[in-house]
Amino acid sequence: MKQISIVALNTFRESVRDKVLYNLVVAVLILIAASLLIGELSINQERKAMVDLGLSTLLLFGYLIAVFIGTGLVYKEIERRTIYTILSKPLHRYEFILGKFFGLSLTLLVNCAVMLVALIVALFYVRRPTDPSPFGIIPAAFLLYVELLLATALALLFSSFTTPALATLFSIVSYLVCNFTPDLKLFADVLNVETYPSLRVTQVVLWGLYYLLPNLNNFNFITRTAHGIPITSAQLGLACLYGVVYLGILLSLTIYVFERRNFK
């Protein structure tokens, strides 16, 4: 854990020094401020509009951080040739990967916390007596953070064996597919394989993607929260367990690939 924490802290410092992070946070704060204006334009819908826009913005900019920084974490060390110095020390490759993951996760946590605090303050500003407590959005924001951790793990997986450009492309495509996995199953179910047997392979592939890929909709409670519907402890616990399982799978795959990569 000591080795992992050292790599994680160094990764966090590098990420914080990246100007992209500051630009994203400023942009998020501006958008949350804009949600105040939108709320004012929506009669008796201030809270709904602000929660919807605020949490969506948190997810969007958090994802941009996860992808555009995560896809370069490993490649940057290889390009600078610092990977040889790092791995020559008493540091296992799996410790290096886990350190990178936890470092970027900490960066995301800090940025999400800043966005969440700004949103809660804004909700207190426009709160009506009949509105739910602004702190009720915290569980939804936490599940969005878990979703961002999965996006980070995906970005790190692709960065372990390809260039940042391709890793970014793969990450975006994978993220989009993971948001539409229920539609993949629905499409597979309606395929007329009895009339067109050649579609059987397509159907099997779609079913395989549905059962293998994580369903990111399990972490998205933005609409429910915007309407004041609380997240139950069972929903929160199951979503977290689901996320931990897939995080373990993705990080294990990343470590497996990185362990077998030849840097000579």
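The model is a predicted one, and its secondary structure comes to 12 helices and 0 strands. Of the 264 residues in the protein, 44% are buried, and among contacts between residues at least 6 apart in sequence, 79% join residues at least 24 apart.

**Overall architecture**

- Read from the N terminus, the elements of the protein run α-α-α-α-α-α-α-α-α-α-α-α, in keeping with the count of 12 helices and 0 strands.
- The protein exposes about 13,800 Å², and carbon and sulfur atoms supply 69% of that area.

**Nonpolar core**

- The largest nonpolar core holds 65 residues, and within this set Leu55 and Phe96 are the residues that touch the most other members.
- Helix 7, which spans residues 138-159, gives the most to this core, with 15 residues.
- When residues up to four places away in sequence are not counted, leucine 55 touches Leu119, Ala140, Ala141, Leu144, Ile222 and Thr225.

**Aromatic pairs and clusters**

- The aromatic pairs in the model come to 9.
- Phenylalanine 158 and phenylalanine 161 have ring centres 6.2 Å apart and ring planes at 75°, and the pair is edge-to-face because planes over 60 degrees apart are classed in that way.
- Phenylalanine 158 has a relative accessibility of 12% and therefore counts as buried, the limit being under 20%, whereas phenylalanine 161, at 42%, counts as partly exposed.
- Phe158 and Phe161 also belong, together with Phe170, to one aromatic cluster.
- Tyrosine 242 is partly exposed, with a relative accessible area of 24%, while tyrosine 246 is buried, with a relative accessible area of 12%.

**Charged side chains over rings**

- Arginine 93 lies over the face of phenylalanine 258, at 5.7 Å from the ring centre.
- Lysine 185 lies over the face of tyrosine 210, at 5.9 Å from the ring centre.

**Valine 74**

- Valine 74 lies in helix 4 (residues 73-79) and is buried, with a relative accessible area of 0%.
- Its contacts, not counting residues up to four places away in sequence, are with Phe96, Ile97, Leu156, Ser159, Ser160 and Phe258; among these, Phe96 is one of the two residues named for touching the most other members of the largest nonpolar core, and Phe258 is the residue whose ring face lies under arginine 93.
- Valine 74 and threonine 163 are 89 residues apart in sequence, yet the distance between them in space is 9.3 Å, C-alpha to C-alpha.

**Asparagine 215**

- Asparagine 215 is found in the loop between helix 10 (200-212) and helix 11 (222-226), and despite this loop position it counts as buried, at 13% relative accessibility.

Definitions and conventions:
Residues are numbered from 1 along each chain as its sequence is written. This is a predicted model: local features need pLDDT of at least 70, side-chain atom pairs count only at pLDDT 80 or more; totals for chains, interfaces and linings use all residues. Side-chain values use heavy atoms; hydrogens and water are left out. Rings of Phe, Tyr and Trp (its six-membered ring) pair if their centres lie within 6.5 Å; planes under 30 degrees apart count as stacked, over 60 as edge-to-face and the rest as tilted. Buried means under 20% relative accessible area, exposed over 50%, partly exposed in between (1.4 Å probe, protein chains only). A charge sits over a ring if NZ of Lys or CZ of Arg is within 6 Å of the ring centre and within 35 degrees of the ring normal. A nonpolar core is a set of buried Ala, Val, Leu, Ile, Met, Phe, Trp, Tyr and Cys residues joined through side-chain atoms within 4.5 Å. Helices (H or I, at least four residues) and strands (E, at least two) are DSSP runs, numbered from the N terminus. Contact means heavy atoms within 4.5 Å. Accessible areas come from the Shrake-Rupley method with a 1.4 Å probe; for residues, only the protein chains shown count as cover.
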